[in-house]
Amino acid sequence: MANQITSYTDNSPNTEQILQGECEFKISIFNYKGVEFEIGKSFFTNLNIFESLFEDNIVNGDITIVDSAGFEERLPIIGQEKIKIIFYNKRIPENRFEASFLVYTMTEKMIRDRTQMYTLKFISEEFVINLKQRVSKSYKGLTSSEIVSKIYEEYIVKNLMNSEYQKPLFYDKLGDTDNSFYLHHFVFPRIRPFQAINMVAKKSTGAAVFSEDLGFKSSNFGSFVFYENQLGFWFKSIGDLLNPLKLKSNAEYNKSVEEIFEEKGQDSQVSSLEAKTNKNNINVEKESISSSMRVPMASYVIVPQNNLGYTLSGGDVSVQSYRFISTFDIVSNIVGGMYGSKLLTYDPITQTIGDTVTEDSRMTVLNSFRGLSNDIKKLVINDHGQKEYEYNYLVDFYNFRHISENPNKLNYPLCGPYHYGLGSTDSNIKYKTTNFGHSQRNNINTLRGVLTGNTRKFATFDNQVERSILTSNAQKRMMKNIVVQIKVSGDQNRKIGEIVRLKLPSMIYTTGQVNDEHTFYQGNYLITKIRHKISSDSTYVTEMELVKDSLFTALASPEAYVNSILKNNTDDVPDTQNPYGSGKSPSGELIVGDNGMLGGGV
């Protein structure tokens, strides 16, 4: 995606490297009458603000109050309060964190003499609105981004208590690098708005993209995520968060000459401009062209213990503490479908199990959308003669967009070719209903024509399980392997969804220099969690959870094994469609270097 926001980074000339952040803040609570009460330093012990990419859709937090003056009674605190928070690190005053929340609960009180301590928890207003609303509506013939934006506007924004504080929703438009191209049909049975949006995110896949840096077209596998950070709400492809791209030219679409009409109501026979915009884009003539954005938002350095006097270079920030939560979890990867998986489908209309669409029809369906023959996983025949969809980690690795630090250099899988987790796609099997290829079946089209008079408003849209479920699960497992938590001097500019660089010292080299970085764990990471912590003495720290889904250094890969993988798994994948996924360069040469490393090695 072409980034819509230019965020302040730590590379400014006035950045002062200090071990502890000193914070300026203002915390105000508004009671049920709207009267403002400012919380001073003596009234609280600490304040926390939380952001999470996967666990929560919203920003939330808590503040621990030390009440020796009957504040809870004088305000009073009854669960109808708002809290407004402003804070910033004194060394980087160019930006401020400023947000308002609703107080939703008070924890158990601890009372000693005439002093009581309790914690107030607060949350974004949008989440409370989400709990009060239900989506009972059909959305048909729209892309995922459009469905999400409509739900957000109709059920969240319209119900805000104060429309002046409307938070923007960021998403890519049709033709952009990260747009979800496929059209959907969702019928939501009275579920909450955020639940409906999360359902859409699970079945969303990004449009194909051509990378100028690497010179090949990617199927862009993976799923989407819906989250809030301090800038607003986002509906984003995980691949675009990991590997953000700068759009250079939009995708081009062939148009249908068929007239589109509104489906119901008084305007049922009126031409629909919105439907024309979407449904008439029947296929991609030329995918979007993008180039990589490889400047991390900040650079953090873990200084070796034997070199505490090291002077940080410009823009680098010292890490106060860190710990690796995970570096691998083989059992969870196998069970979760990271290394391999299968999908067996059931079509309730034709009452058939497994794919029954002929190869010619199947390719017609695929080409009508992206023109990528590798858009859906390859078919295999099981013991009962049914066609299942199959996903293989090593074969499909480069169909995903991965976190990287050099736009002209490949990154590499998390495991070697002889890894004992590989070799079986039966480790994770999914069973899902499908309507794939109905438009290509003559019997279904004939029946639909008899029942509906062949009007376009009764058109069907694939539920996308073949495109989304295996790759979505695999991608999420990839992001749970290398996970590290760091604590740094408070930085209100950091947000989930950003890329930062972590300079991690090597445990092998002993020169004591910071540039002796860890062979596999150094480099760029994606921020998936943030905790801003402010204490009453004005100290401010930021804790972040960082993940990466691939390696920047190749593991040894014998050429004979690579050739066997290619022969057994990628004969049906044209080199021009997925050159790196089939182990070949854009010129068609096998990417195995003299040192026997996949991709030529480092």
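This briefing covers salt bridges, strand pairing and aromatic contacts in the structure above. The model is predicted: local features need pLDDT of at least 70 and side-chain atom pairs count only at pLDDT 80 or more, whereas totals for chains, interfaces and linings use all residues. Residues are numbered from 1 along each chain as its sequence is written, and side-chain values use heavy atoms, with hydrogens and water left out. The structure holds 19 salt bridges and 23 aromatic pairs.

**Salt bridges**

- A salt bridge is defined here as a side-chain nitrogen of Lys or Arg within 4 Å of a carboxyl oxygen of Asp or Glu.
- Lys84 is partly exposed, at 30% relative accessibility; buried denotes under 20% relative accessible area, exposed over 50%, and partly exposed in between (1.4 Å probe, protein chains only).
- Glu498 forms salt bridges with Arg494, the closest N and O atoms being 2.9 Å apart, and with Lys495, where the closest N and O atoms are 3.1 Å apart.
- Glu498 and Arg494 are both buried; the relative accessible area is 8% for Glu498 and 5% for Lys495, which is also buried.
- Elsewhere, salt bridges with shared partners join Asp172, Lys236, Asp240 and Arg401 into one network.

**Strand pairing**

- Strands pair if DSSP finds at least two bridges between them.
- Strand β3 (residues 44-52) pairs with strand β4 (residues 60-67) in the antiparallel sense over six bridges, and Leu47 has Ile63 in β4 as its bridge partner.
- Strand β3 also runs antiparallel to strand β29 (residues 523-535), joined by seven bridges; Phe50 stands opposite Arg531 in β29.

**Aromatic contacts**

- Rings of Phe, Tyr and Trp (its six-membered ring) pair if their centres lie within 6.5 Å; planes under 30 degrees apart count as stacked, over 60 as edge-to-face and the rest as tilted.
- Tyr152 and Phe233 form a tilted pair, 5.4 Å centre to centre with 55 degrees between the planes.
- Tyr152 lies in helix α3 (residues 144-156) and Phe233 in strand β15 (residues 232-237), so their pair ties together parts that are 81 residues apart in sequence; Tyr152 and Phe233 are both buried.
- Tyr391 and Phe400 form an edge-to-face pair, 6.3 Å centre to centre with 90 degrees between the planes.
- Ring pairs link Phe127, Tyr152, Phe194, Phe226 and Phe233 into a cluster.

Terms used
Helices (H or I, at least four residues) and strands (E, at least two) are DSSP runs, numbered from the N terminus.
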